[in-house]
Amino acid sequence: MLGPLLVTSAAGRGVEIPAAKQRAILAALLVNVNATVSADRLTEVLWAAAPPPSAAIAVRNYVMRLRRQLGAAGARIVTRPEGYAVEVDDPRDFDLTQVDWLHREARTQARAGRWSRASELLGAALALWRGEPLTDVPAAELFQQEAARLGELRLQLTEAWIDADLRLARHGEVVPELQRLAAEHPLREHMRAQLMIALYHTGRQAEALEMYRNTRAMLIAELGVEPGPELRELHRHVLAGEAALVGLPSGTAAPGPGPGPGAGGPQRATWHLPAAVPGFAGRHDQLAALSQLLGQSAAGAAVVVVSGPPGVGKTGLAVRWAQQAAGFFPDGQLYVDLGGYGAGQPVSAADALAGLLRALGVAGPDIPDATADRAAAYRSLLAGRRILVVLDNASGSAQVRPLLPGRAAGAVLVTSRDALAGLVARDGAVRLELDPLPLGDAVELLRTLIGARVTDEPAAAPAGCWTSWPGLLSSTRPGRAGMACTTCSAPMPASTPAPARARARRRRAAGRR
């Protein structure tokens, strides 16, 4: 799979699969190795949204022909009540399962401090790539999904491999490769941090500082954001010329543990974060605090509750930190909006668990009916895996408690208007209270959202309005941009868009009630 589709016989000879439909079915089964793929899913892969009336019969015929074409290896394609599967017992028989085994073993070696062995294993995993996966498979949707996933896996393995080499003081060896990777993937901050470390340790401190300046300028120009805590902390160390700066930058976790028990095949990383809210500003201390509280969790899942009044930016902070901290959680990130304070009823723990199980690859019919059984299955799937779970907009501790992972080696980040004292007292959560933005950060946020008018037209703001708008923030819901005016008795400036003025009037009226 890690290149053009290739099947070899036990004798080492290539097996031709000329028929396009059969190649597409084989690819769809292989990317879900040892898991059942329904006939309906295979129909989608073959014909997208326009299947023929005889699609079910055609799928059965294609599978039958594929088995014949594969010869002895065709026996690995089994029929199950819900569909079909490719069964692979020995991970060495399939490159994806081999990569998964090598990755998990490398994590084990890294946790034990055996960096040389970890580097060897990760290098062996990367050597299995023969080119771009699925380029010869005529299935556009499958290619779009899986090529991106496998590309991300390759980059994560590369970063872990370079982390191990940095631990082994191979700084000069990795510089050329890191320069190429940083140019190809300019938004991957961890790669740029690795390059800064390598440059620093090869006597090129000025170039390391220039790398930070260029990265910061690029992030501000393209995304309107500052570098994350990892790069900022590293910049401080390089600027001070601290000789203790070795290996990974401060706060970067070693590779986490492998998949938990009960996995039917390679555990793929799961990424379900929403898009970051636009116009994020400030919160540097809070981002650093989250990195300290959650990025280093080892025994069990650390839990942090970000609480504060509506509109203060809890979701924005949580999503921003989660995106910056992806390197802490190599097994993925899960996100649930619990709807604690929306117009409808809050999401029940049972429904939230069902969504989490589906995100972890559990098919709908396999999700237990009882909430307790769903929670047990969820904890089992997360056991030993380094995953971040973001539980947004929680209404209370009882809603959150069944969603805590138990023995996971990851972390849980909860946002709520409530302090969730029960979660703190009973479950060991740490509360991070979020106050309104300081005035300077609020001004910077307004400048990002509405441009230079925030300073070019100061007369547009009534007297006293700046001092009464300390909580000006982007919307706390991902995907929307807006402003929240807290304790502002003065009217909104005339230049403020009408919808924002209307929202402010409704908030003031609600406050009087």
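Select glycine 71: this residue follows helix H3 and has a positive phi, near 65°. The model is predicted, so a residue needs a pLDDT of at least 70 for its local features to be described and 80 or more for side-chain atom pairs, while totals for chains, interfaces and linings use all residues. Numbering starts from 1 along each chain as its sequence is written, and side-chain values use heavy atoms, with hydrogens and water left out.

**Helix H3**

Step back to residues 55–70, which form H3. Helices (H or I, at least four residues) and strands (E, at least two) are DSSP runs, numbered from the N terminus. How does the span of H3 agree with its 16 residues? At 1.5 Å a residue (the expected span being 1.5 Å times one less than the number of residues), H3 should span 22 Å, and its end C-alpha atoms are 22 Å apart, which agrees.

Now colour Ala55, Ala58, Val59, Tyr62, Val63, Leu66 and Leu70, the buried residues of H3. They lie on the same side of H3, because they cover an arc of only 135° around the axis; the arc is that of the directions from the helix axis to the C-beta atoms. Buried means under 20% relative accessible area, exposed over 50%, and partly exposed in between, with a 1.4 Å probe and protein chains only. To see what covers these residues, show helix H1 (20–30), helix H2 (39–47), strand E2 (77–80) and strand E3 (83–86), which are included in the cover. Contact here means heavy atoms within 4.5 Å.

**The sheet beside H3**

Select the open sheet of 3 strands, whose order is E1-E3-E2 with antiparallel pairing. Its edge strands are E1 (37–38) and E2, each pairing on one side only. H3 packs on this sheet, touching E2 and E3, and its direction makes about 150° with that of E2. Axes are lines fitted to C-alpha atoms, for helices over the stretch in contact, and angles run from 0 to 180 degrees between N-to-C directions.

Strands count as paired if DSSP finds at least two bridges between them. E1 and E3 run antiparallel and are joined by 2 bridges; serine 38 has glycine 83 in E3 as its bridge partner. E2 and E3 are antiparallel over 4 bridges, and glycine 83 is also the bridge partner of arginine 80. A hairpin of 2 residues takes the chain from E2 to E3.

**Strand E5**

Next, select residues 302–307, strand E5. Is this strand enclosed or open? All 6 of its 6 residues are buried, so E5 is largely enclosed by the rest of the structure. Ala302, Val304 and Val306 point one way, and Val303, Val305 and Ser307 point the other way.

**The whole protein**

Finally, zoom out to the protein, which has 19 helices and 9 strands. Buried residues make up 49% of its 513 residues.
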